[in-house]
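Open the structure in your viewer and keep the sequence panel beside it. Each stop below says what to select and what is there.

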Amino acid sequence: MRSHTAEPSLPPPGSSAPEPPHHKPGFGHGHPATAGARALQRLADHVNTRALVLLRATVGIVFLGFGILKLFPSASPAEQLAVDAATKMTLGLVPETVLLLSLAALETAIGIGLIVGGRLLRPTLVAFFLHMGGVFSTLLLLPDAMWQPHSPAPTMEGQYVVKNVVLVAVCLVVAADAWGSGTRSSRRPGGTDRTTSG
């Protein structure tokens, strides 16, 4: 009798090798990591869709808190600093009590405007940037209080002022969206400007 030996069958030329079997979802060691990645992705998507609201609301809460503090005597650590700077800007013509109440009202209004948004947002942003101009002017108006002697390093009060660059950067992002939305909405899908088309 003739013996037959089974030879291994080779795939035809040009065909790819069979892929190894995949693990079913829900099994294996990678499942917890995959679930964590999905949760992080959902969180990132959630934050991304609400980023501008989150930015302006947090700055609004900060301003609202600082403004309310100035309504109570000696409650705000920056009270005297703000009054001294405002006194120099107004050449001493306005009483300190009026200056403090005005600053309190302004910061409270900016805080409310940023939190509420809507039609209040654009005038609020204008008021914010004007106010920040006054805040940063204290670096020049009150050099003895803002800078350490014989050193370019800011004092504690100076650091209190300099840190506001973060708030300015945040509101620049918010303003870019608020003022840019009018330009985007005035254009047709094809790119033509609605205001100029007849």
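**Start at E107**

Select E107, which sits in helix α4; helices here are DSSP runs of H or I with at least four residues, strands are E runs of at least two, and both are numbered from the N terminus. This is a predicted model, in which local features need pLDDT of at least 70 and side-chain atom pairs count only at pLDDT 80 or more, while totals for chains, interfaces and linings use all residues. Residues are numbered from 1 along each chain as its sequence is written, and side-chain values use heavy atoms, with hydrogens and water left out.

Is E107 buried or exposed? E107 counts as buried because its relative accessibility is 8%. Buried means under 20% relative accessible area, exposed means over 50%, and partly exposed lies in between (1.4 Å probe, protein chains only).

Now show what surrounds E107. Leaving aside neighbours within four places in sequence, E107 is in contact with F63, L64, F66, G67, K70 and H131, where contact means heavy atoms within 4.5 Å. Two of these partners deserve a distance label.

- H131: its side chain and that of E107 are joined by a polar contact of 3.1 Å. A polar contact is a pair of N or O atoms within 3.5 Å; within protein, one must be able to donate a hydrogen and the other to accept it, and residues adjacent in sequence count only if both atoms are side-chain atoms.
- K70: its side chain meets that of E107 in a salt bridge, 3.1 Å from N to O. A salt bridge is a side-chain nitrogen of Lys or Arg within 4 Å of a carboxyl oxygen of Asp or Glu.

The structure holds one salt bridge.

**Along α4**

After the helix comes G117, whose phi is positive, near 70°.

G65 counts as partly exposed, at 30% relative accessibility.

**Across to R56**

Stay in α2 and select R56. At 15% relative accessibility, R56 counts as buried. Its side chain reaches the backbone oxygen of I115 at 3.2 Å. Not counting residues up to four places away in sequence, R56 touches L114, I115, V116, G117, L121 and V174. R56 and L121 are 65 residues apart in sequence and 9.3 Å apart in space, C-alpha to C-alpha.

**Helix α5 and T124**

Select α5 next. The helix has 21 residues and spans 30 Å between its first and last C-alpha, close to the 30 Å expected. Among its buried residues are L121, T124, L125, F128 and H131.

Zoom in on T124, in this helix. T124 counts as buried, at 8% relative accessibility, and its side chain reaches the backbone oxygen of L120 at 2.5 Å. Beyond residues up to four places away in sequence, T124 touches I110, G113 and L114.

**The nonpolar core**

Which residues have the most contacts inside the largest nonpolar core? Select V59, F63, L114, L125 and F128; the core has 22 residues. A nonpolar core is a set of buried Ala, Val, Leu, Ile, Met, Phe, Trp, Tyr and Cys residues joined through side-chain atoms within 4.5 Å. The elements giving two or more residues to this core are α2 (51–69), α3 (79–89), α4 (96–116), α5 (121–141) and α8 (164–185). With seven residues, α8 gives the most.

Finish this stop on L114. Apart from neighbours within four places in sequence, L114 is in contact with R56, A57, V59, G60, L121, T124, L125 and C171.

**Zoom out**

Of the 198 residues in the chain, 26% are buried.

Note on methods: Expected span 1.5 Å × (residues − 1).
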